[in-house]
There are 2 protein chains.
Amino acid sequence: MEPNTESLPDYLKNEFAADRKLVEAALDRITALTPDRPNRLGRAIRYAVMGPGKRLRPLLVIAAVRACQGSVELALPAACAVELIHTYSLVHDDLPAMDDDDIRRGRPTCHVEFDEATAILVGDALIPLAFETISSSELPTDRAIACVRELAQAAGASKLVGGQADDLSAESAVGVRSVEHLESIHLRKTAALIAVSLKLGGLVSAAPEEHCRALEEFGLRLGLAFQITDDLLDFDGDPVTMGKRGSKDGQRGKLTYPALLGAEASRQLAQANIDQAIRELQPLGDSARRLVAMAQLVAGRTS
Amino acid sequence: MEPNTESLPDYLKNEFAADRKLVEAALDRITALTPDRPNRLGRAIRYAVMGPGKRLRPLLVIAAVRACQGSVELALPAACAVELIHTYSLVHDDLPAMDDDDIRRGRPTCHVEFDEATAILVGDALIPLAFETISSSELPTDRAIACVRELAQAAGASKLVGGQADDLSAESAVGVRSVEHLESIHLRKTAALIAVSLKLGGLVSAAPEEHCRALEEFGLRLGLAFQITDDLLDFDGDPVTMGKRGSKDGQRGKLTYPALLGAEASRQLAQANIDQAIRELQPLGDSARRLVAMAQLVAGRTS
């Protein structure tokens, strides 16, 4: 997200940079090579997790924690858990039997750098690692179990995995190519994990239910806006700045917002979702200003 | 395990049959087709989970609960969670990039019956479903979070997934083909999940730490014995009674106990592990008799 942080006030810029360092350090500890993990598998896990990435989801967990006056320290395991789930989903989505991508964030994908079996196992290891990270943390047990439950649902067959299944079947589907259909895919595939990031921030902070719900609704709208800007970047993008093959989605006949609506209407739809997202934050009052800033970053992102 | 229950006293035979029905009914509820899961994915999940299977791991959870005078009702979610993890590991192990098996328990494997992408997604959905099942249960939060932690570790890179990674690299490895190496693979790949089944039974029942430890040690030895008898069945077996291709492991040059030690020494090693397993149960006294009976079933199993 660096390219756009210019527009932020200095204190927020510094805060995001500091939070990101905390996240990187925590992920580094969680994925450290240890003698009890097979070496090649351990290296592949680090390759997937410690590569370049925006760390958007953990930063959203922490921004929600700050909005709820919670403890950032206590929230780090949940923040990392969401990133581990996100990372596994990228590794598996890139597999030959799925989206068959060779390049991700400017580097060979995990199955290209290692091999297909290892990439499958990396994903298989990252999912339980996410739940191990939350359940081994210092969180009070009632908050920890709520985080496990919410993250497990968001990662499951009706959300993240269901969205990927829908997305794959939409490639071959003829007919049902409406905005509603596309939104239903991405509410599952992208928005659910972004929404749960926000909600975990509330749960970790023992925030009132009304605030947790507002955070989740904010996350769903933000997630949709994020997906639309992602589609737009893929549509306009070239492989060098994108770090993955430009317009591969289009070549594959994948259903995207710009393909369905055109670029201009897609941009408007992204902005409408950002506006709606920011309205959802009303119950949190002024303490939500970091979340508003992050929503504006997503709206204006160029990478 | 039916073929061998003849040797059991009637009350145990009836108890195992009743417990198994409880497990089947609970798995049926957990994997019910719902409108929020994509239909094909939902059907594939049910195909994988509700197929024929011994349900050894959930029955071990429940046997441990009975040995600890715990509540079977309260233990069912944890029992099902272990079975979901076991099922995912079979679906992914069968994939073309892994063991490439077409037949499992007499039926086409998940990626043959559906397709490879769906089989990957089935596994990806079953792992969070296991943790959702525990964290949505009626268990007191401290016991639930302990179960999440133990199961997540057992399913992770240093245990279940690490064992599969080791097993795949052992196929291509030249040289290191010792019993110690084979035991280190199967302590991870097979025994860890069987051991955690027993330990979860203790945790759910809030059993004293000494009993939980004894249950886990029993499980590790039982798990090794189970793997050795599995190798022996594959070595002797024919595809009809086995439900999978006979001696495929041998054809693939996979490291197995009979290939390394011969059949007779393998049988002796299995029995030695069973004997050791039963000795580990000493702290539990007479209440462990169901576990002793299950260990004897594993020792004499023919399927």
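How many residues does helix 4 of chain A have, and what distance does helix 4 reach from its first C-alpha to its last?

Mentor: The model is a predicted one, and what follows should be read accordingly. Helix 4 of chain A covers residues 72-93, which makes 22 residues. From its first C-alpha to its last, this helix reaches 31 Å, close to the 32 Å expected at 1.5 Å a residue. Of its 22 residues, 18 are buried, so helix 4 of chain A is largely enclosed by the rest of the structure.

Leaving aside residues up to four places away in sequence, B:Leu151 touches B:Ala81, B:Val82, B:Ile85, B:Ala130, B:Val196 and B:Leu200.

The relation between the two chains can now be described. Chain A is superposed on chain B by a rotation of 180° with 0.0 Å of shift along the axis, at an RMSD of 0.0 Å. That is the relation of a two-fold axis. The same surface serves both copies, since 100% of the contact residues of chain A recur in chain B.

In the contact itself, chain A supplies 43 residues and chain B supplies 44 residues. On the side of chain A that touches chain B, the elements giving two or more residues are helix 2 (39-49), helix 6 (116-135), helix 7 (141-154) and helix 8 (160-172) of chain A. Helix 6 of chain A gives the most to this side, with 13 residues. By residue class, the side of chain A that touches chain B divides into 23 nonpolar, 11 polar and 9 charged residues.

Two individual positions complete the account. B:Asp167 lies in helix 8 (residues 160-172) of chain B. It counts as buried because it has 22 C-beta neighbours inside 10 Å, where 20 or more are required. B:Asp167 touches B:Ile185 and B:Lys189, again not counting residues up to four places away in sequence. Between B:Asp167 and B:Arg143, 24 residues apart in sequence, the C-alpha to C-alpha distance is 33 Å.

A:Gln271 is found in helix 14 (residues 263-280) of chain A. A:Gln271 is partly exposed, with 15 other C-beta atoms within 10 Å.

Terms used: Residues are numbered from 1 along each chain as its sequence is written. Chains are lettered from A and ligands numbered from 1 in the order in which they are written. This is a predicted model: local features need pLDDT of at least 70, side-chain atom pairs count only at pLDDT 80 or more; totals for chains, interfaces and linings use all residues. Copies are superposed by least squares on the C-alpha atoms of residues with pLDDT of at least 70 in both. Two residues are in contact if their C-beta atoms, placed from the backbone, lie within 7 Å. Helices (H or I, at least four residues) and strands (E, at least two) are DSSP runs, numbered from the N terminus. Ala, Val, Leu, Ile, Met, Phe, Trp, Tyr, Cys and Pro count as nonpolar, Asp, Glu, Lys and Arg as charged, and the others, Gly among them, as polar. The expected span of a helix is 1.5 Å times one less than its number of residues. A residue is buried if 20 or more other C-beta atoms lie within 10 Å of its own, exposed if 12 or fewer, and partly exposed in between; C-beta atoms are placed from the backbone.
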